[in-house]
Amino acid sequence: MKKHIYQPIECILEKVIDETKNIKTFVIRPLEPFKFKTGQFVELAVPGIGEAPFTPSSNPYKTDLIEITIMEAGFVTGVLHKMKGGEKLGIRGPYGTSYPVEKFFGKEILILGGGVGMAPLRSFLLTLLHDLTNFKKIILAYGSKTPDDVVYKYMFPEWEKENRLEVLKSVDICPVDIQWDGQVGLVTCLLDHLKMDIVHSSIAVVCGPPVMMKFSTLKLLEKGFAPANIYLSMEANMSCGLGKCGHCQLGEFFICKDGPVFTYEQIKHIRDPFV
Amino acid sequence: MNQFFINNHNIHRFMLKLLSSRAIYALREETGNFYWDRYTTETVGLINIGKYRSITSIKQFFFPVQEFLSDIKSHPLAIVGPKSCDLHLLNTSDKIFLEGMFADDFYKHKRSDALIISSDCTDCKLSCFCTKMDITPYPQKNYDINLSPIKEGYVVDCVSNIGEELIRQSPNLFQKAIEQQLHEKEKNRKDLTEKVKKQNEKFKWEEPLMTVEKNMVSKLWKDEIAKSCVECDGCRYVCGSCYCFLLGETKDFYSKIRTWDSCQSAGYGRVAGGANPRKEKFQRLQNLYNCKMIYRKKNFGNYACSGCGRCIEVCPAKIDIRESLQRITNDE
C-alpha cells in the first residue's frame, strides 16, 4: 500500500549495457507493474544516495523491463555508472507529458537528436516502429560528438533497413583513423537537405543538449516548421516530479507536470528557454 | 454572517477549552516582535494574538523546515494570531500542495488538522505594505475564526463550520456583538488601513504584474538591485508563500526527507553536468520577482506576495521589494 506520493517502487537492475565511454543503458525490472507513455520521465533512486530524473529509452509497450540510458554527469549518475547489475533501485512515476503519438498519425516526422538526447527519442522511435503504417514518413537525424559517442550503435543497422524510416547521422568531429558513413558537422547540417513536406504535414521532435535544442529550433523555424509542430523535451532538474518542489520551473511552467514535452509555441514567450 | 463578542477574560477560558482537544500555538512578544510559541494549560492565560504579523510565517506549521516523509501522523492544533497577509499566502501553498495531479499527503494532513484563529492587525511595521498588494490588514478569508480586538475584548466572526461549531459549544463565553462593538471594529480597521496606505504613499507603482513584466529588460536588475544581495537566502526562508523544497534519500527505502530550498542559491536550478538556467545573481533575483508577481498570479490568480514585508525586514543588504519595483518603474 502506498503511504505517500513520494514513495518509490522497488526494482532490480538486471543488466548494464555500455553505450559509449560515459553513457550506459540500465535495464531495470520493477517489482510492481509500471507503465509509462513515451516522453514521460521517471525518478530513479539509488537507495540512500540520491534520486534523479530520467526519461526511459525503451519501448513503452514493453513493461516488464524498462531501459534508461544515462550519461555520467554528476553524483547519482556517478554511483549508477559503477553498478554492474543485481543492485536494488527505486523508481517513481511516470511523470509529465508524453509525445502525442496519435496526433502524428498520417504525418511526416523528423526525429532530431543530439548525444544522449537520443534516449527519449529511441523510446519515441520504438513507439512509432510499433506500427509504421500510421505515419507517412519518418526521418531520424542524429548527431554526436564523434563516431565513438554514438549511442545504440547496435540498433542503427536494423533501423537503416526499415522502409519508411530514413536515417541521417552526423558527427561534430571525425578522427582520421575512424570509418564514418555519415556527415561531419553539427547536427543542424542534417536539416539542409530534408526531403519532407515541411509546411503541410511535418512534425519535428527534438531532444539534446540545450545549445543543440536552441540552434535546432532556430533552424527548424527557418526551414518553415510551425512553432506548434516543433516538440521539445525540456528536461531540467526535476526533483519531486509532481509540480511541487519548484526546481524545474521554466517561466510560469513546472517542467515536471506541464512538460517535459512542450511545443515551441508554448514556450516561445519565455526569454531564452534553452539554458 | 453572525458576529459575536467575547471579553478579555473569556477568551482565555475559550483557549483553555480548545487545549483539551488540540495544541495551541500563539504569539509571544519580544522587543516589539512576535514569535510563535506553544502554549500549555499553565501559560494559556498569557496568550498573545499580536499587534501585527509575526517574524516567521505560518507555513512552518504545514510545511516544516525539514520533514521526514514517511508515516502520516495526526496532530490537531490551533494557530492563534496569524494575520491577513499570512492567510493570503496560504493561497499559493494550498494550490501547490493540495492541487495538481496529486495532493501532497503531508501538507494536506497538517493543513486539515489545523484550526486557524486569525486576528486583525492593530498596528503595522514599517515594512508592511499589504494595501499595495490589494490586501487589507484584516483577514477576509482562509480562517476558521477571526478576532477583531476592541477595548473590552474581541469581535468574533467565523467562516467555517468547525469555527461555528466551537462557538456554539460555548454559549456562555460568546455573546452576540452589538452595534457599538461592530462600529468600533470597523473604525479600527479603517484607521489601520489608512496608516498602512500612508506609510507606502511614496511607492507609486500600481499593478505589480505589469510593473515587473514591462521592466524585465531594465539594466537596473543587474547594475543596482541585485548588486548588494549577499545570497543569504534569508528572504526565501521568511517568505510565507515560498514552497520550494529539496527531496533527499533516507536510510529507509520508502521514505524521503525534504528541506526548504531557495531559488536564490546558485545551485538551485543547476542540472547534472553543470548547466544552469540562472547562473547570474540578478537572474535569480529576477526569477524571484517573476515568481511572486507574474508566474503564480498566472497559475493561480493570486500574487504570491501579500506585502507582509518579511523579506524587507530580514535582508542584511536592505533590499526593499517596494523600492525595487519603484526603481524599475522610474527606469521606464
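The model is a predicted one, in which local features need pLDDT of at least 70 and side-chain atom pairs count only at pLDDT 80 or more, while totals for chains, interfaces and linings use all residues. Residues are numbered from 1 along each chain as its sequence is written, and chains are lettered from A and ligands numbered from 1 in the order in which they are written.

Along its principal axes, the C-alpha trace of chain B spans about 65 × 55 × 35 Å. Of its 332 residues, 43% count as buried (buried means 20 or more other C-beta atoms within 10 Å of the residue's own, exposed means 12 or fewer, and partly exposed lies in between, with C-beta atoms placed from the backbone). Chain B has 12 helices and 11 strands, where helices (H or I, at least four residues) and strands (E, at least two) are DSSP runs numbered from the N terminus.

Strands of a sheet pair through backbone hydrogen bonds, either parallel or antiparallel; here two strands count as paired if DSSP finds at least two bridges between them. One open sheet of chain B has 8 strands in the order β3-β2-β5-β6-β7-β8-β1-β9, with mixed pairing, and its edge strands, β3 (33-39) and β9 (175-176), each pair on one side only. Within this sheet, β1 (residues 3-7) and β8 (residues 153-158) of chain B pair in the antiparallel sense over 5 bridges, and B:N7 has B:G153 in β8(B) as its bridge partner. Helix α5 (residues 161-168) of chain B lies across β1, β6 (114-119), β7 (145-150) and β8, running at about 130° to β8(B), whereas helix α6 (residues 179-199) of chain B lies across β1, β7 and β8, at about 90° to β7(B). For these angles, axes are lines fitted to C-alpha atoms, for helices over the stretch in contact, and angles run from 0 to 180 degrees between N-to-C directions.

Another open sheet of chain B has 3 strands in the order β4-β11-β10, with antiparallel pairing. Its strands β4 (66-69) and β10 stand at the edges with a single partner strand each, so one side of each is left without a neighbour in the sheet. Strand β4(B) pairs with β11 (residues 256-260) of chain B over 4 bridges in the antiparallel sense, and B:L69 stands opposite B:K256 in β11(B).

Where does chain B touch chain A? Contact is made between 34 residues of chain B and 31 residues of chain A (two residues are in contact if their C-beta atoms, placed from the backbone, lie within 7 Å). On chain B, α3 (84-98), α4 (105-113), β10 (245-249) and α10 (281-300) each supply at least two residues of the side that touches chain A.

In chain A, A:G224 lies in the loop between α5 (210-223) and β12 (230-233). A:G224 is partly exposed, because 14 other C-beta atoms lie within 10 Å, and leaving aside its neighbours within four places in sequence, A:G224 is in contact with A:I198 and A:V199.
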